[in-house]
Amino acid sequence: MALMFILAVYFLLPVYFLIVAATKPQGDLAATNGLAFSHFNLFGNLHTLFTRSDGIFLKWAMNSVIYAVLGAGVGTLISAMCGYALAKFSFRGREFLFSVVLGGVLVPTTALALPLFLLFSSTGLVNTYWAVFLPSIVSPFGVYLARIFAAAAVPEELLESARLDGAGEFRTFFSVSSRLMAPSLVTIFLFQFVAIWNNFFLPMVMLQKESLFPVTLGLFEWNGQTARAPLLQESVITGSLVSIVPVIVVFVLLQRFWRTGLAAGSLK
């Protein structure tokens, strides 16, 4: 319990610092203790954040929502279908294909940024929404999880019954299998959502238009300007606090399904 308490403090201390710093006026950031509250100015900081540069932060936040929600949704569907096929269909080269997927899990995403940039540059998709969205829907780790969950949660007898009743493979998947895999799909969605929401390097390589930036890249650009515009520091801190709220909300709303999905592989 003592070790868990220390780890909890270690992980929550940056969040506490963000909360404290976001409530301070700009002048109190350096003049007061970083972990102690001073003059409460959170609402003023939020107003400054959302009105700065004609409300560009709100545009960045909406871009992150588009990238993360749509990317995680489509990526979850693709991962579920691929994992289900690898778990429930026997075909030549299945194990080799799964080995290739596992190899994709081992490749760091940063190593793929430059090849993706060259590929998207040749097709004219650089500096568009597609340059961030399309790579986000591919998740080898999601395919791996989907195969494990499908093998554990979808009985072969149930699939045979659906086929005997005349259901095609797509109807069997969407009407029967996907419902049994629902907790695991939420787990995959959460992993995808967090990965895309926190994605920084790929947008930095792909995007030049400020209006297309996700919130991570936008805050990074602001932070780089604080040397000549110190007032941006408070907006960067407040924006960082606002940017973690959607992730916390998604985890709180879906944690029941997430925990069920994690335990699904241990049940027969």
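A nonpolar core is a set of buried Ala, Val, Leu, Ile, Met, Phe, Trp, Tyr and Cys residues joined through side-chain atoms within 4.5 Å; buried means under 20% relative accessible area, exposed over 50%, and partly exposed in between (1.4 Å probe, protein chains only). The model is predicted, and local features need pLDDT of at least 70, side-chain atom pairs count only at pLDDT 80 or more, and totals for chains, interfaces and linings use all residues. Residues are numbered from 1 along each chain as its sequence is written, and side-chain values use heavy atoms, with hydrogens and water left out.

**Figure 1. The whole chain.** The protein chain has 14 helices and zero strands; both are DSSP runs numbered from the N terminus, helices being H or I of at least four residues and strands E of at least two. Of its 268 residues, 36% count as buried. The C-alpha atoms fill a box of roughly 70 × 55 × 30 Å along the principal axes.

**Figure 2. The largest nonpolar core.** This core has 30 residues, and those with the most contacts inside it are F57, W60, F193, M206, L207 and W222. Helices α4 (56-88), α7, α11, α12, α13 and α14 each supply at least two of the core's residues. A second, separate core of 13 residues includes Y84, L159, M181 and I188.

**Figure 3. The surroundings of W222.** Contact means heavy atoms within 4.5 Å. Leaving aside neighbours within four places in sequence, W222 is in contact with L49, R52, I56, F57, W60, L232, S235 and V236. Ring pairs also link W222 with F50, F57 and W60 into a cluster. Rings of Phe, Tyr and Trp (its six-membered ring) pair if their centres lie within 6.5 Å; planes under 30 degrees apart count as stacked, over 60 as edge-to-face and the rest as tilted.

**Figure 4. The ring pair F173 and F174.** By the ring rule the count comes to 17 aromatic pairs. In one of them, F173 and F174, the ring centres are 5.0 Å apart and the planes stand at 80°, so the pair is edge-to-face. F173 counts as buried because its relative accessibility is 5%, whereas F174, at 41%, is partly exposed.

**Figure 5. T172 in helix α10.** T172 lies in α10, which spans residues 169-180. With a relative accessible area of 0%, T172 is buried. Not counting residues up to four places away in sequence, T172 touches Y84, L159, A162, A167 and S177.

**Figure 6. The largest pocket.** On a 1 Å grid over the protein atoms alone, a cavity is a set of points where a 1.4 Å probe fits but cannot get out, and a pocket is an open set with protein on both sides within 12 Å along at least five of seven lines; lining residues have an atom within 4 Å of a point. The largest pocket holds about 780 Å³ of space, a volume being the space filled by probe spheres set on grid points joined across faces, edges and corners. Its lining has 28 residues, with T109, L112, P135, V138 and P140 nearest the centre. Helix α6 gives the largest share, eight residues.

**Figure 7. The second largest pocket.** This pocket has a volume of about 220 Å³. Of the 13 residues that line the second largest pocket, W197, N198, S243, I244 and V247 are the closest to its centre. The largest share of this lining, six residues, comes from α14.
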